[in-house]
Amino acid sequence: MRMSKIVRTGACILYPLIIIFGLYVVVHGHLTPGGGFQGGAVIATAAALVLVAFSHREVAGMVRKAVFSAQESLGLLLFIGAGILGLLAGAPFFANILANSGLLFGLTVPPGPNPGELNTAGVIPLMNIAVGVEVWGGLAIILMYLFSATGGEGT
Amino acid sequence: MKKVLVAAIFLVWAAGLCILPLLLSFGNPAATDMDTYFLRNGQAAAAANNIVTSVVFDFRGFDTLGESVVLFTAVTGVALMFRARKEGEEHEDE
Amino acid sequence: MIPPFVVDNSPALMVIVPFVAAFIAPFAGRAAPAVRALVVGGAMAITSAITLILASDVYAHGTRLYVFGAQAATLAVPPDSGGIPVRIMFTVDPMSALMLVITAISAFAVVLYSLTSERHHSGLGSYYTLFLLMVTGILGMVSTGDIFNFFVFLEILSIASAGLIAFRIDGGVAVEAAIKYFVLSTIGALAILFAIGIYYGEYNALNMALIAQRIQFTLLDQLALVLIIAALAMKCGAVPMHFWTPDAYSMAPSSITALLVVASQASLYGLFRTVFSLYNITLNAACVGWLIIILGVLSMVVGVTMAIPQKNVKRLMAYHAISQTGYMLLGVGVGLAVLGNQPLLDAFGYMAMEGGIFHIINHAMYKGLLFLTAGAIFFRIGTYDLNRMGGLGHSMKWTMVFFIIGALAIAGIPPFNGFASKLMIYESVFAFNPVLSVIAMVVSILTLASFVKVFHSIFMGPVLPEYRDVREVPGPMLAGMGILALVVIVFGLFPSVVVETLVAPAAHALADQGMYIAAVIGGGA
Amino acid sequence: MTAPFDIAVFILLVLVCLALVRLVLGPTIADRAVAVDTVNTLVVAALILLGVVYRQVIFIDVAIVYALLSFVSTLYVAKYIGGEL
Amino acid sequence: MVFFNLPYVAVVVLTLIGLATIVLKRNLIKIFLGITILESAVNLFLVSLGYREGGIAPIYTNAPEGLMVLPTPQALTLTSIVIGVATTALLLSFAIIIWKKYGSIEIGFLRRLKE
Amino acid sequence: MDLLLTLDTGAGFWNPVFWVLGAAVAGVIALLLYSLGEKGYKKGTAQEAPFLSGNPEPEKGLVHVRSGNLYWGFLDAMEGYYRRLVPLHTGDLHDYVLWYMGMTALFLVVVVVFR
Amino acid sequence: MIAEVLAVACLVIGTAFNCLGIIGLLRFPDVYTRMHATTKMTTFGSVFTALSVIIYGAGQFLGTGDGQYITLSLHTVLAALALAVTNAIGSHAIARGAHRSGIRPAQAVVDRLGEVPP
Amino acid sequence: MIGLLIQVAVIGGLIASAILVFFFRDLLAAALAAGFFSFLVSLEFYILQAPDVAISQAAIGAGLTTAIFIIAIRATTRFEGETP
Amino acid sequence: MYPEETGPLSQRLLRDSHVEQVNDWTKTASVRRARMIAYLVTFIMALLLYLVFSAGSGTLWLWSPSELLAGFLLSLLTAAVAGKVLCRGKDYRMANPVRLLILPVYIIGPFFIEVTRANLDVAYRVITGKIRPGIIRVPSGMKTDFGAFLLANSITLTPGTITVDISEETNDLFVHNINVPAGWETRDTVEARELFGLANIPAWIRRIAE
């Protein structure tokens, strides 16, 4: 069953805000506290918010298991792909070959603080995004499965 | 009898764990060479301001892969628990 | 013939291939079950091949290092780090290679078997995903050289195993077994994490070789040692902590049980690695050695005596698995007890360790075979209850042959592999302490008696009316069992080859801590 | 000049410990939920102040995460006690 | 001296409370709560291992320079936290299935497998 | 060849060639005995029915010996042992955890005392 | 200097309101009145402490011209806003849940919601 | 000095809430106490200069784990010792 | 407990357009325009928020180019994910920037004054313990969900009153009052204006949301 209109409206308004904040945490993982896991967990909490505020029937259109499941596998494939990138370049698995290479994400940075330079740190931002996508999908799908066990209408 | 045994077990555990605050000094790690390496090289090698992130994704990236896979495994396990059952699937009991 | 890229990167590929297959397996099943079978079977075959390539390379050229993320794969110590390894690495020495061989053979046979045996169940996408992850967990556990990475792979293994044990959720009993297993293994894993924290706090190191170089056996190290060996002994099913084993083994699908045996051997490997490579002679070898010997003797005796009155065939086999684990603990424990004493070690210590380690590989093979035959019987008649079986020998001839091979091997009857390793254990342990040897022999006799009963109940006697139209299991299942049976026979017929090429290097690698440290750090202890 | 902030953090934490009393006593589950909700607010305030004490701007992000997410668990409790979950 | 090792004291006490919850309570969900407490204790232990007196967070920002705390335990703790939530989720789904099949989540009822 | 196939343990040895030879000889003897008995056997005569003192032949399922009946003597003789051992396997999760914790405690005492 | 005085003043006000909120939490008779005391007074107090941080950041920015203080102030504003919105929704949800679970307001002179048929 | 007092307050609350988890017979209250515990653990991480871990614990421990526990309590039972 | 919302067909279709039941005939221009606006609103909101978060990243006031690019892309992603949730096919009045500008004015101005005044009142009650609680019914007069949401939150954040429930059809609020003034307990409903002392909060909210 759904919660009251106030909670629903609040959830609708907070949902994109939490998502954008989570994405902010994800992409700033190498500059500020946070990263893939934390940001992914924050976004998954947004999904938890929508899940709790609406009824099963309404939620079915907003968040979908299949999408989350695909996200999860996609994130992991992206992550392991970022590792294989090193393998393809002739370095060992998980080598950070992009760092300091001058390519995309590969700016060379001076020591000391450098806020706002997102395109640094080599494969770390890529991995952050991959892990963020994966954790987002994973935690949300755990919640959805558990919700389907509460005996209400099936999700 | 059993209660005495449980109490004894807990006593030994408590005594064993009390070694920690007695022997490990808080706020003053005994050796720091590995972490000094990370702090010194983290920003230059991985170009990340956040040394924790550079440890998580660069120096110990393989652990992080394992950790993501743990989450994936748990999700798969949960999905296995709440899967839809086929009609006439054989039952296995005791 | 084999591209050098594969050989060079085989430690990484060994993990990458099953991971990628696991990630795409749930979606492969959407298209068609055949696609999924192809993906899973192909991935497992490739993984086994890569693992065997790696193992042969290790046996040919000595310990292999693979440093993840370094400039070069063998660059364990960065030049500017002051002589310490900082990154995660796989350290594959002959002992690890032995475990890799076991895992590769067993997992390949099991996947062949389970592609057919689980055909009619729902949730197969998740099943195969977890299966691949479980195999990867074992592979990572036995080849890693970083203690935290060991913990991570241990958790992958635990979670995947728990999910698979609970695979048959209909009765609820499987879930009960999974809960028991998972609660215990979580507590054990947390204890291991505690120990890792202690090592880190004392030595600021996570690499096993570095810890081994720096370890001093202070009071904190003793606490860490206790936490680790208790947790790993619990996970491999040593006796006073074996209670989860029969529950989990009997409730998991049979193919998974065959793999769980390998998983428990991996825990055993972790135990040996901790005691030998991490601590070695800094600890009081006699004391810890006797601790392991006593655990082993208890496991042997209690396991086999508890097996005799069982009526559930898988539960019975699970108790036998505990009993056989005791042999390994006994053999390696004797080796540990004389570790500091080179003459004794040469006289019988290495022999005992070789026996114990050889028994690991034999046990994984024949116990896996036995569990697979139990699963084959269940596949046809739908019960594990010995009282309701009988006369199946008339219709399931191949299964019966495989069962006989497995049963004779576990009982240590000569032409099969169990005999060779047991003989080595008996003789070396006799030199150490005759009483232990006698106990081991008695246990072996009881094992034989128990399996005679099982064989009689299942296969002998007249055909029961309800099983008149039972047929032989399908070909792929037989192929899976056949691989293991073949290995059992070959190892039994040519034990000296196996001991010379596989086991003896493993035992020496385990006992020689300096070599392990030197391989990683280069300096030597 | 961060001494006042430090003292304020300490007072807030003492208040957190006092809120624990309501968590213990609370006759109904709703009272306990109110106590936990209060603690969330206080902890967020404490986190913001501690961010100033440690002179780290980035620490405020933690407070935002707290403020946004702690209420989700409150909503779950509320939905449960309302009998709607 | 011991008094200043406060986090370690907390770790010891929390570990014991967690273990006591696991061993003395007969409800599955209570046992799982005990496991989460145990996990938090271990995480706390790891993080406090890396603390250095007067250190700042290991992030290069505009904050005043200073000794940084050790980053590795924090990385390990991140891993440990995610493993913890995965474990908890799987355990709770087991508990739900047990409730559906057995009608109870008390330990005393989970005894169909014995001997 | 001989060197390759012989596993020398110091006190004894194990060579599969001897065993294969022995098995072959035993097989030949068994085959001889088996072929001796075949001569007098004829299908369709009274030889097919077992002689049961004139009682009717029981159903095949009834002559099956249940596995629980095997080894009752052994179990009876070891009853005192089993009476102590079997109740330890309570199937109770608490006991499982307590055994584990107890063994850890015991190990700790042993290792610290005998270091 | 003025900014610092203002910041400390806001801090004192905020802490005082937080104290009052907790006292109310401990003193009041039932869940609704406790909610009056806590969720709003602690929100108000916490917003005031956040305000003191904002003022402090602004003062520092004007003093030093360092860009990070702007970030400090802006993030604190967002934290305070998030706190206010989430607390309002959360306390409403708890009140509704409490009323639905059958907790009637103590010493109430009137209960219009209890009269509405469910 | 004040830092030590803050530590004492946080750790006192930590231990007290853990004890509450042990003693509550109402599982929902125990889950709430566990949420409380998670907040304080996160605060302790924050004080120990680990903001990454603090965010992680806040999002996962305090937010999601409590939610999962409450769903599980809803799907099973609310009081200890309850059988249908 | 409450019946599902009903309404004109077009509205329901708009609301449920995400349920993959959109056939060709519903894909009229208005539906597409409504969706477009929904995505746009979400996008702008997300972008604004992201810019606030990452302010100060560049030199002093500006944003660094990579931040701007990342903000643009992430806002697009957010719009794609959350567009259907934020604007559930109902009202796009909040897309009007003038209304969004009034909101901060309202929060800093009348609302803050009201909160401060009432906080002092409750502080007095906390110390003395003089309370006279009760739940009264307040017709909000708001037609939109957002208006009701804003009013209810204003009431909740104003100490002394707390919104306990809301009627799904009429948007009537049930308000728990810590000190019910004499005479209100006999009245059937109480106007929202009367709850506040100084400022006319409902009028402000109506100006913002309707």
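**Notes on the chain contacts**

1. Let's start with the C–F pair: here 68 residues of chain C are in contact with 47 residues of chain F. Keep in mind that this is a predicted model. Of the 21 pairs of chains in contact, it is C and F that share the most contacts.

2. How much area is buried between chain C and chain F? The figure is about 4,800 Å², with carbon and sulfur atoms giving 77% of it. Polar contacts do turn up, with 5 residue pairs between chain C and chain F, both partners at pLDDT 80 or more.

3. H9(C) gives the most, with 10 residues. By residue type, the side of chain C that touches chain F divides into 49 nonpolar, 12 polar and 7 charged.

4. Now for chains A and B. This contact takes 40 residues from chain A and 26 residues from chain B. About 2,500 Å² is buried between chain A and chain B, and carbon and sulfur atoms give 68% of that. Again the salt bridge count is 0 between chain A and chain B, while 3 residue pairs are in polar contact across the interface (both at pLDDT 80 or more).

5. Which elements of chain A give two or more residues to the side that touches chain B? They are helix H4 (65–88) and helix H5 (123–147) of chain A. H5(A) gives the most, at 12 residues. The residues on this side of chain A divide into 26 nonpolar, 12 polar and 2 charged.

6. One to check by eye is C:Arg214 with B:Asp33, whose closest N and O atoms are 2.4 Å apart. This pair crosses between chains: C:Arg214 sits in helix H8 (residues 208–214) of chain C, and B:Asp33 in helix H3 (residues 33–46) of chain B. As background, side chains of opposite charge can pair when their charged atoms come close.

7. There is also a nonpolar surface patch of about 430 Å², made by D:Val14, D:Leu18, D:Val21, D:Val24, D:Leu25 and G:Leu26. Helix H1 (residues 3–25) of chain D supplies the largest share of the patch, 5 residues. D:Val14 is found in that helix, H1 of chain D.

8. No contact joins chain G and chain H, and their closest C-alpha atoms lie 13 Å apart. Chain H and chain I have no contact either, with 16 Å between their closest C-alpha atoms.

How values were computed. Residues numbered from 1 in each chain as written. Chains lettered and ligands numbered in written order. Predicted model: local features only at pLDDT ≥ 70, side-chain atom pairs only at ≥ 80, totals over all residues. Heavy atoms only, no water. Contact = heavy atoms within 4.5 Å. Buried area = accessible area lost by both parts, 1.4 Å probe. Salt bridge = Lys/Arg side-chain N within 4 Å of Asp/Glu carboxyl O. Polar contact = N/O pair within 3.5 Å; in protein donor to acceptor, adjacent residues only side chain to side chain. Helix = DSSP H or I, 4+ residues; strand = E, 2+ residues; numbered from the N terminus. Nonpolar A, V, L, I, M, F, W, Y, C, P; charged D, E, K, R; others polar. Patch = residues over 30% accessible without salt bridge, like charges linked within 9 Å, V, L, I, M, F, W, Y side chains within 5 Å. Areas by Shrake-Rupley, 256 points an atom, 1.4 Å probe, with all protein chains shown as cover.
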